[in-house]
Amino acid sequence: MSDAVKEKISADKQNKSAKKVKLFNRGMKTEIYLIALLAILFIFFSLTSDVFLTVDNLKTLARQASIYGIIAIGMLVVIISAGIDLSVGSVTGFSGIAAALCMARGMSISASLAIALACGLIVGLVNGVLIHDGKVPPFIATMGTMTVVRALIMLLTKARMISGLPESYKMIAQFEIVNIPFLFMVWVAVMIVAWFMTTKTVFGRNVYAVGSNKEAARLSGINIRKTIYGVYIFSAFVCSIAGILLTARLGNGVPTAGTGYELDAIASAVVGGASLDGGTGSVVGAVLGSMIMATLRQGGVLLGVNSFVLEIIIGSLIVIAVLVDKLRNQNA
């Protein structure tokens, strides 16, 4: 091997190392800012509301953030791959309704939950096939499945609530271990799995590579089909988990459950530092983004803030986060 080739290889390694350090530092800065913002929100709401820091309210906040947070993690993985999944809310509702219908017809809880998860996985696979094999843009493909699945929910339920669910299933949402809601523990478990997957596995590295430059990833030998299928199936899987938990929390199969959750998921991921251009984002950032969204909503409710004002604030956060990301990329 000639000296020129050795020098080129060494330079490439140094450039890759410098890029990794830069992305790591950028991620750390984002997470520090998010922690500071979350702390400011907690201080503000604790000073303006006597109820905010009570144990019961914090438990309610944890339960609410858990469902949004689980969905946000699925959305994050898709966004890292330079995609988008508008069907997350519909999948959440579909899985919950599937579980409720099965249990209402006498099936065991375990079998009902297995069917609910399978329903979600099928939608995720369909998204992957449409996007990779059908070459349909992710926005259009997932908007289509969102519409179809939501209509299917209405057909299956005849737009009516599914009641008569087992009490043991409903208790999932109220169950606590050492005063910590079970829903929050499930969220933590999903966090750990997603963090390990995105940072310690070949699949996770492939997702970042595809999001950064799909053509370069293909030329380097990455299986694009498996990666695209994987991110949408993972998103649907965690949304199915969220749907099961949401239905347990509601105590009934609600046909409109999950409506609009895709916006909160995108907001949590983007505010958490994920780039809509792909290749950037972290599970920790998405988790913090979810907590910020949930804190804003819960604190706003306690203070009696108009719900439309809250939507304006959250929408503004999304726009600001995307604008900051674009400016940061231009200056990189």
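1. In this predicted model, a network of salt bridges links Lys59, Arg63 and Glu176. Arg63 is buried, at a relative accessible area of 9%, whereas Glu176 is partly exposed, at 26%.

2. The whole structure holds seven salt bridges. One of them joins the side chains of Arg225 and Asp133, at 2.8 Å from N to O. This pair links distant parts of the chain, with Arg225 in helix α10 and Asp133 in helix α4, 92 residues apart. Both residues are partly exposed: Arg225 has a relative accessible area of 38%, and Asp133 one of 33%.

3. A further salt bridge is formed by the side chains of Glu311 and Arg297, with an N to O distance of 2.9 Å. Glu311 is part of helix α13 (residues 307–331) and Arg297 of helix α12 (residues 283–302), so the bridge ties together parts that are 14 residues apart in sequence. Glu311 is partly exposed at 40% relative accessibility; Arg297 is buried, at 15%.

4. Which charged residue is buried yet has no salt bridge? It is Glu262, a residue of helix α11 (residues 261–271). Apart from neighbours within four places in sequence, Glu262 is in contact with Met75, Asp85, Leu86, Val88, Gly89 and Met146.

5. The cysteines deserve a separate remark. A disulfide is a covalent bond between the sulfur atoms of two cysteines. The count of disulfides in this model is zero. Cys119 takes part in none, and the nearest cysteine sulfur, that of Cys102, is 7.1 Å away. Cys119 is buried, with a relative accessible area of 18%.

6. Helix α6 (residues 167–174) has Tyr169, Ile172 and Ala173 as its buried residues. Seen down the axis of α6, these residues fall within an arc of 95 degrees, so they line one face of the helix. The buried residues of α6 pack against α2 (55–80), α3 (88–104), α4 (109–133), α7 (182–200) and α10 (224–250).

7. Most residues other than glycine have a negative phi. Ala82, however, has a positive phi, near 70 degrees. Ala82 is located in the loop between α2 and α3 and is partly exposed, at 37% relative accessibility. Val178 likewise has a positive phi, near 50 degrees. The loop that holds Val178 runs between β1 and β2 (180–181), and Val178 is exposed, at 74% relative accessibility.

8. It remains to describe the chain as a whole. Its secondary structure amounts to 13 helices and two strands. The radius of gyration is 21 Å, close to the 20 Å that the globule rule gives for 332 residues, so the chain is as compact as a globular protein of that length. The C-alpha trace spans about 75 × 50 × 35 Å along its principal axes. Of the 332 residues, 48% are buried. Among contacts with a separation of 6 or more, 78% are between residues 24 or more positions apart.

Notes
Residues are numbered from 1 along each chain as its sequence is written. This is a predicted model: local features need pLDDT of at least 70, side-chain atom pairs count only at pLDDT 80 or more; totals for chains, interfaces and linings use all residues. Side-chain values use heavy atoms; hydrogens and water are left out. Buried means under 20% relative accessible area, exposed over 50%, partly exposed in between (1.4 Å probe, protein chains only). Helices (H or I, at least four residues) and strands (E, at least two) are DSSP runs, numbered from the N terminus. The arc is that of the directions from the helix axis to the C-beta atoms. Contact means heavy atoms within 4.5 Å. Lys and Arg count as positive and Asp and Glu as negative; His and the chain ends are not counted. A salt bridge is a side-chain nitrogen of Lys or Arg within 4 Å of a carboxyl oxygen of Asp or Glu. A disulfide is a pair of cysteine sulfur atoms within 2.5 Å. The radius of gyration is taken over C-alpha atoms; the globule rule is 2.2 Å times the number of residues to the power 0.38.
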